[in-house]
Every structure is written in structure tokens, then in C-alpha cells.
Amino acid sequence: MKKMFLFLTLILTFQTYSQSNLKSFFKLSGPKRTWVLFHPFKAKKALQISKETKRVADSIKKSNLLDGDASGGQVDAFRHAYWMARLTQELGKRAARSLGKAHERENYLTYKKSKLEDGVIPDEISSIMDLHNNEEGLSLISKKSKVSKNGLIYRIVNAIKSGKMKIIKKDKNGNFLTCDGKIIKNEELRGKWKNNKCLETSKKE
């Protein structure tokens, strides 16, 4: 029965998407491909929102609204919260949360292959941070909400500045720090899923 369901879903997916989109589908990681198979009618909108999120986060990075750090900093937190909030607004909280979890499973596979995500190899602490910020994004809006994109941006920025989200502890030079403020050498991080990085509140002093 389960195999039949997956087979019918696959056929439906092929019928729903153009040839170019199908090529994109087969380039997806296993976790995201599974999400698409279970959400064939939502996948196209999810892709549009994902591209929108990248554009908005890139603009936020260039502004002075946040710290400009897209790899473990406030901009990273913003990207995840905005992505989840927009997905919730358009597709609903359940579909948004499951896609966020699929993305983190993909990050673990990326780590296993020693590949980069946003310029760094993923690790456990980054995944914990992302999942926390995902949940904050999910809580900021409801499905079919009429909140504008600009309104949502400032809602998320305010949540970050008030300390509701998590970032990775670093010094002013961008070095990762332990929770007691010691610099973590790059060789101590290389190839390790678990390490001594430290999460802290997204509120900057």
C-alpha cells in the first residue's frame, strides 16, 4: 500500500512540473525530494519562497539592520525565521516545519560529504540554532495572514534584537568562541559534527 502511494505521488509530481522543474527535483537531496513527493502541490511555491528568502536575506546582510553575519550570526537567524514565516503564511505551519527539518537532515548529509553550506561545513550546533530559529519564525505569523513582507521583515528583526533567537558565539574578528569565551582553533572544528561552539542570545550588547 505504501509503495503504491509513493508510486502514485511520483506520477502526480511528474504531471505537475515542467521538464526543467523535474531536473531540479532530481538534483534535490533525499530529504527534500521526499518532502516534495509528499507536498507535490506546495513544492513550486516553496521553491519561490526559498529564492525570495535568499534575496531578502542578501539585502538585509548589506544593510545596517543586523550584524551582517550570514554564517551563525543575526543574518543567519533572520534567513531561517523569514523562510519559515513565509512558508507558514503561504503553505501552513505543518508543511513549513517539515521542510525546515528536511533541510537540517540535508545539512547532516552535507557534513558527511564534507561539503559547504553558506561557506562553512555544517555541524550540530548550527543545526540546533537553525531549528530554534525556525520555530521562532513559525510562531511569528499564521497561514493566510495579511501581514506585508516589509511588516514581516521588521517583526523578525525586532525578535532578533530582543534576543528571541539564537546565534553562535564569536569574537569581533569572527573567531568562534566556547561558552567561556575561549577562541576555538579551526583545526579543532575541521571534520567534527560535535564541537565546542556555543549558542547565545541573538540580542547584541
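Predicted model: local features only at pLDDT ≥ 70, side-chain atom pairs only at ≥ 80, totals over all residues.
Residues are termed buried when their relative accessible area is under 20%, exposed when it is over 50% and partly exposed in between, as computed with a 1.4 Å probe on protein chains only. Numbering starts from 1 along each chain as its sequence is written, and side-chain values rest on heavy atoms, with hydrogens and water left out.

The secondary structure of the chain consists of nine helices and two strands, where helices (H or I, at least four residues) and strands (E, at least two) are DSSP runs numbered from the N terminus. From the N terminus on, the order of elements is α-α-α-α-α-α-α-α-β-α-β. Of the 205 residues, 44% count as buried. Among contacts with a separation of 6 or more, 65% are made by residues 24 or more positions apart, a contact being defined by heavy atoms within 4.5 Å.

Helix α5 spans residues 74-91. Its 18 residues reach 25 Å from the first C-alpha to the last, close to the expected 26 Å, the expected span being 1.5 Å times one less than the number of residues. In α5, 17 of the 18 residues are buried, so the helix is largely enclosed by the rest of the structure. The residue that follows α5 is Gly92, with a positive phi near 105°.

The packing of two helices is described by the angle between their axes and the distance between those axes. For α4 (residues 43-62) and α5, the angle is about 145° and the axes lie 9 Å apart; axes are lines fitted to C-alpha atoms, for helices over the stretch in contact, and angles run from 0 to 180 degrees between N-to-C directions. The crossing of α4 and α5 is right-handed, a crossing being left-handed if the near helix is turned anticlockwise from the far one by less than a right angle, and right-handed if clockwise. The contact of α4 with α5 comprises 11 nonpolar, two polar and six charged residues, with Ala, Val, Leu, Ile, Met, Phe, Trp, Tyr, Cys and Pro classed as nonpolar, Asp, Glu, Lys and Arg as charged, and the others, Gly among them, as polar.

Side chains of opposite charge can pair when their charged atoms come close. A search of the whole structure finds 12 salt bridges, each requiring a side-chain nitrogen of Lys or Arg within 4 Å of a carboxyl oxygen of Asp or Glu. In one of them, the closest N and O atoms of Lys32 and Glu106 are 3.1 Å apart. Lys32 belongs to helix α3 (residues 30-38) and Glu106 to helix α6 (residues 93-112), so this pair ties together parts that are 74 residues apart in sequence. Lys32 and Glu106 are both buried.

A salt bridge also joins Lys170 and Asp69, with an N to O distance of 2.8 Å. Lys170 is located in the loop between β1 (166-168) and α9 (186-189) and Asp69 in the loop between α4 and α5, so the pair ties together parts that are 101 residues apart in sequence. Asp69 is buried at a relative accessible area of 19%.

Within α5, Arg79 and Asp76 are three residues apart, a separation of about one helical turn, and their side chains form a salt bridge at 3.0 Å, N to O. Arg79 is buried, with a relative accessible area of 15%, as is Asp76, with 8%. Glu52, Arg86, Glu90 and Lys149 are linked in a network of salt bridges.

Helix α6 has 20 residues and reaches 29 Å from its first C-alpha to its last, close to the expected 28 Å. The buried residues of α6 include Leu99, His103, Glu106 and Tyr111, and the buried residues of this helix pack against α3, α4, α5 and α7 (124-139). Just after α6, Ser114 adopts a positive phi of about 60°.

Lys144, although not a glycine, has a positive phi of about 65°. Lys144 is situated in the loop between α7 and α8 (149-161) and is exposed, with a relative accessible area of 55%.
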